[in-house]
Amino acid sequence: MVARLVIAAPSSGAGKTTVATGLMAAFAGRGLAVSPHKVGPDYIDPGYHALATGRPGRNLDAYMCGTGLVAPLFEHGARGCDLAVVEGVMGLYDGAADQGELASTAQVSKLLKAPVVLVVDASSQSRSVAALVHGFASWDPEVRIGGVILNKVATDRHEHLLREALGESGVPVLGVLRRAPAVATPSRHLGLVPVAERQAAALAAVAAQAEQVRQGCDLDALMALARSAPPLHAEPWDPHGVVAGVPPGGGGASGRGSEEGGPDRAAGPRTADGAGRGPLVAVAGGAAFTFSYAEHTELLRAAGAEVVTFDPLRDEALPEGTSGLVIGGGFPEMYGEQLSANEPLRKAVAALAASGAPVAAECAGLLYLARSLDGTPMCGVLDADARMSERLTLGYRDAVAVSDSVLAPAGARMRGHEFHRTVIEPGAGAAAAWGLRQPERRVEGFVQGGVHASYVHTHWAGSPEAAARFVEHCR
């Protein structure tokens, strides 16, 4: 059994990431193996978690993967660890729009049977903090709020007033943190600037967060609370096992988000290791393409692929022997000139796509495959042009494959997430990638030859058929 805590807040902006990352680093500094997790689809916070712990940051998304996979994915990531710290998303009870508690931090805490530590921005209140905490603690009796960490406390007098008020709430104060500019992390588009863009500064910020937590929090009490979590009785998610259950040919993604987390998968004849012996899949990385779930690479390898990461900002050629290409999300608009200047790689990507090889591109990858981005030449694989927009597009998506592709047959359902401040014109090719059901019905993305390019981020743990199908096409 892994000791575990969920770090939540009444709303966004209270300091969840600062506290969660500081706790991870502080406990890792004690010599503990700490497993970092993030509720929801966000790619950026897990990068800071990885800095704090030395382990991959992993997402727990009940919308994209299904509620039935939350505990198995947690057990997979936390295997062999002493402690797991799970950072929540938005406010404690906020989840997918019009879906009740689905994908909320509260729901994930219940699925993990994990105590919750509520991070409260106390900067503009005193006695009212008790009413706030009482309301959150009593709203859902199945959510166990085991303590409070008060953030942005101004003075000793302010702390005294807060502690006095919370003494009547029955919820213990497990930490008090003063305002500290050193722990701040710059933001962009409602999220933090990725670690890969500010490595040295990010390391310094994480160190400052750890020191702030060590000084202001009762780590022993927090560890005791984490150890009070009961056993989960969930089998760890196994990429080899789920890929083995996919029918030959890759099957069809069946859609996730159900209470069961997808259909049962019996063991099949597919080989599970194959690393170094199967087709080589090149995965874009580096500062321009930082958005990727750890499970994607694990599933590709389990399906028999050799996975090699390359950096489109630095590498002038694809890895030798590349059979397929995966280009995830990121902020290519910050590196448009550098990406464009690497003309040899742009030509190599275009040639690979023209050969019919499988190419899966999400969001930033879609922009990179376009003819241009803000007038700067890109790879020219797609007859489309992209530009920055003042509008932020953000939210979960229920998607249906419009066209047969290297990821899914027409009619297959997958759940995903959009997060971008760009537009591409046209928004869909002659053969579109997805039909989206909300917030409005529309088609988007491009399927041409072996290319599948779309704004929609997907989590392949919820649809392992996509990874298996992609590797089959690589073969």
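## Helix α7 and its surroundings

Contact here means heavy atoms within 4.5 Å. In this predicted model, the buried residues of helix α7 pack in that sense against α6 (128-139), β6 (145-153) and β7 (173-178). Helix α7 itself spans residues 156-166, and its buried residues are His158, Glu159, Leu162, Ala165 and Leu166. Seen down the axis of α7, these buried residues fall within an arc of 130°, so they line one face of the helix. On the other side of α7, Asp156 and Arg157 are exposed.

## The crossing of α1 and α8

Two packed helices are described by the angle between their axes and the distance between the axes. For helix α1 (residues 16-29) and helix α8 (residues 199-216), the axes come within 7 Å and cross at roughly 85°; α1 and α8 are therefore roughly perpendicular to each other.

The contact brings Thr18, Val19, Thr21, Gly22, Leu23, Ala25 and Ala26 of α1 together with Val206, Gln209, Ala210, Gln212, Val213 and Arg214 of α8. The residues of this contact divide into seven nonpolar, five polar and one charged.

## The six-stranded sheet

A further open sheet, of six strands, has the order β11-β10-β12-β13-β21-β20, with mixed pairing. Its edges are formed by β11 (306-310) and β20 (446-448), each with a single partner strand, so one side of each is left without a neighbour in the sheet. The twist averages 15° from one strand to the next. β10 and β11 pair in the parallel sense over five bridges, with valine 307 in β11 as the bridge partner of valine 281. Helix α15 (residues 464-474) packs on this sheet and touches β10, β12 and β13, while the direction of α15 makes about 145° with that of β12.

In a regular strand the side chains alternate between the two faces of the sheet. Strand β13 (residues 359-362) is covered on both faces, with Val359 and Ala361 on one side and Ala360 and Glu362 on the other, all of them buried. β13 pairs with strand β12 (residues 322-327) in the parallel sense over three bridges, and valine 326 stands opposite alanine 360 in β13. The pairing of β13 with strand β21 (residues 451-454) is likewise in the parallel sense, over four bridges, and serine 454 in β21 is the bridge partner of glutamate 362.

## Proline 247

Proline 247 lies in the loop between α10 (239-244) and β10 (280-284), and is partly exposed, with a relative accessible area of 45%. Although proline 247 and alanine 468 are 221 residues apart along the chain, their C-alpha atoms are separated by 8.9 Å.

How values were computed:
Residues are numbered from 1 along each chain as its sequence is written. This is a predicted model: local features need pLDDT of at least 70, side-chain atom pairs count only at pLDDT 80 or more; totals for chains, interfaces and linings use all residues. Side-chain values use heavy atoms; hydrogens and water are left out. Buried means under 20% relative accessible area, exposed over 50%, partly exposed in between (1.4 Å probe, protein chains only). Helices (H or I, at least four residues) and strands (E, at least two) are DSSP runs, numbered from the N terminus. The arc is that of the directions from the helix axis to the C-beta atoms. Two strands pair if DSSP finds at least two bridges between them. Axes are lines fitted to C-alpha atoms, for helices over the stretch in contact, and angles run from 0 to 180 degrees between N-to-C directions. Angles under 35 degrees count as roughly parallel, over 145 as roughly antiparallel, 65 to 115 as roughly perpendicular and the rest as oblique. Ala, Val, Leu, Ile, Met, Phe, Trp, Tyr, Cys and Pro count as nonpolar, Asp, Glu, Lys and Arg as charged, and the others, Gly among them, as polar.
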